[in-house]
Amino acid sequence: MRRALAIAAIAVLPLANVTAARAEEPGDRQQAFTTAAKEFQVPESVLLGVSYLESRWDAHAGQPSNEAGFGPMHLTDAEAFTGTNHHGDGEEDARGDDSRPLAPVAQAAPVTEIPASLKTMDKAAELTGASHEQLRTDAAANIRGGAALLASYQKELGAPLSDDPAQWYGAVARYSGADNQDAAKAFADEVYTTIKQGTERVTDDGQRVTLPPIPDVGEILKWLEKLGLPMPRKDGVECPMSVSCEWIPSGYAQLPGDDYGHYDLGNRPVTQKIDYIVIHDMEGYFLPSIKLNQDPAYGASWQYSIRSTDGHIAQHIKAKDVAWQAGNWYINAKSIGIEHEGFLAEGGTWYTEAMYRASAKLVRYLALRNGVPLDRAHILGHDNVPGTTPATVRGMHEDPGPFWDWAHYFELLGAPLHPFGGPRSGSIMIKPDFATNKPYYYGCDRKNPEAPCPPTPSAAVWLRTEPRADAPLVKDIGKHPTGNHDSLYSVYDHSARATTGQRFAVADRQGDWTAIWYLDQKAWFYNPASAPTAVPSMGLVVTPKPGAASVPVYGRAYPEAEAYPSGVPVQSVVPLQYTFSAGEKYTLAGAAPAEYFYAVTFDGSRHTVVRGKTKYLEIQFGHRVMFVKADDVQVSFSG
């Protein structure tokens, strides 16, 4: 385990306190790396590579990022921050099974220990003479601080300030802040992979930065072999060899009475196929969240946790067993849950490149092992998982939120989200340009939740009732069941948002606006040809069978009553509160087997899978996926 690992909370600084000390001109960020590299005799490729893994070169408007880090070089200044872990906030029952409802989950105690690795800004200030305020808010000063730290680590290791990138591997590994060799090595390996391949990007504040490829850096691997650095020890964990991964088991124990916690023993994929991988954020910090997962009395669990700074992975539950993670027992029984350190309202600053890369390697590995399609209908955000019944829809969670870069993630998965079809295709895939798509949100400032969020790259587009920018947002009667059902611009409310990778049937087009079918209504979004926010995506769609005014939609694909054996209570097949009306079309993700995993005992030998004859189809009905009965709809191709 790295570092006493994180303070239990980081307060977002008021925006007035983080105004940049100076406005950078285009190209300043690149020049800042060049200047700092020369001043501290660090190879520019190494400085760029480290910064890319920490922040993708973003400045984040001077706001704190993962584990109290600031700026392109992620300088940590944690001493002033305290608080509590927020994992499990909300009304959702993580198990999501009517047969065994759970009480609301508890919260972790505050963690106040501040390790030295969370105070690198102190050292950077000492080395450069810059103030903490400058290092937080001035990207150039921040980059100088990071270069100074790298140079100091190189000297402490007794290595020369060489212009050969290969000579800096140890200093790069130390910059990760990891306190175990596997995690430090995995971070350094990703930095050197980036240097070898090269990359370029426009940052969150419009700065274009380029790291030219250095193919010869591949020779570094031969050089490293001479050092005798060991390969990461896996100890039975279900992780790819190319990531840092350890086994930290989740709590599983008999509790007083007939109770037990806090996952269920299974035998997947023998008894049930794994069809989904669910992406979460912790709404909290790595170590406190892991401690929750080790407590069998805690009402939630998940298979994997991923640390923000270096992408280190902890596995807690084997893939064969069922975690209580998604709030929907049908999805839980057929999925693997992965928690990412961070907070959705601050997502862009917590979701580091190191985290994205480690997560993508893990998901690709799990998907290939279990036959999970690499698409947005099967690689779900927690915010895409449907409620189980009308009563549970409102309390379902919203993570990882609009700041998770799905397009970049799927590129790292090796399954980029490409267009398919012509400009008048009958279905589309949402895909705004992440770097430049910065819609309005509020709710990012913990101290002032009504304040607007800083302009932040987002994977989502707003959906409106008419094709104009001042039209109201579309409504979600499940998310907002009372009053006028109005959707909110809150970062925590996805009711009127469509997100990158989601596919929808086109309902209409007018000028620069496109309408999709969404929760039984036409939902308009701005989609100009000059800067499209969606791409063509031909495929199968469903619509009610002729003669049906509407058909029900479901949050789970449970079997018919006749399928249940004696001793297993029949689970009701309850439609959700939404309507799927005649004339509407929704994109088809595939068939969903009618199954119910009966597991309400500590003894796993008494668990059973009930399979029915009812055929269900998974569709993209709103922001969340939902299910319809195949007999209620007809399937057609939308070209």
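Glu283 sits in the loop between strand 9 (276–281) and helix 9 (286–293). Although Glu283 is not a glycine, its phi is positive, at about 50 degrees. Most residues other than glycine have a negative phi, and most peptide bonds are trans. With 15% relative accessibility, Glu283 counts as buried. In this report, buried means under 20% relative accessible area, exposed means over 50%, and partly exposed lies in between, using a 1.4 Å probe and protein chains only.

Before going on, please note that this is a predicted model, in which local features need pLDDT of at least 70 and side-chain atom pairs count only at pLDDT 80 or more, while totals for chains, interfaces and linings use all residues. Residues are numbered from 1 along each chain as its sequence is written, and side-chain values use heavy atoms, with hydrogens and water left out.

## The overall picture

The protein has 13 helices and 30 strands. Of its 639 residues, 61% count as buried.

A contact here means heavy atoms within 4.5 Å.

You can find Trp57 in the loop between helix 2 and strand 1 (69–70). Trp57 is buried, with a relative accessible area of 0%.

Two peptide bonds deserve a look as well. The bond from Gly261 to His262 is cis, with omega near -10 degrees, and His262 lies in the loop between strand 7 (260–261) and strand 8 (263–264). Asp399 and Pro400 are also joined by a cis peptide bond, with omega about 5 degrees. Pro400 belongs to the loop between strand 14 (379–381) and helix 13 (406–412).

## Salt bridges

How many salt bridges does a search of the whole structure find? It finds 29, where a salt bridge is a side-chain nitrogen of Lys or Arg within 4 Å of a carboxyl oxygen of Asp or Glu. One of them pairs Arg144 with Glu39, at 2.7 Å from N to O. This pair links distant parts of the chain: Arg144 is in helix 5 (residues 139–156) and Glu39 in helix 1 (residues 28–40), 105 residues apart. Arg144 counts as partly exposed, at 25% relative accessibility, and Glu39 is partly exposed at 42%.

Another salt bridge joins Lys185 and Asp189, whose closest N and O atoms are 2.8 Å apart. Both residues lie in helix 7 (residues 181–197), four residues apart, about one turn of the helix. Lys185 is buried, at 14% relative accessibility, whereas Asp189 is partly exposed at 25%. Arg307 and Asp310 form a salt bridge too, at 2.8 Å from N to O. Arg307 is buried at 0% relative accessibility, and Asp310 is buried at 5%. Elsewhere, salt bridges that share partners join Arg56, Glu190, Glu353, Arg357, Lys361 and Asp405 into one network.

## How helices pack

Two packed helices are described by the angle between their axes and the distance between the axes. The axes are lines fitted to C-alpha atoms, for helices over the stretch in contact, and the angles run from 0 to 180 degrees between N-to-C directions. Helix 1 and helix 2 (residues 44–55) pack at about 125 degrees, with axes 9 Å apart. They are therefore oblique to each other: angles under 35 degrees count as roughly parallel, over 145 as roughly antiparallel, 65 to 115 as roughly perpendicular and the rest as oblique.

Phe187, Glu190, Thr193 and Thr194 of helix 7 meet Ala354, Arg357 and Lys361 of helix 12.

Conventions. Helix = DSSP H or I, 4+ residues; strand = E, 2+ residues; numbered from the N terminus.
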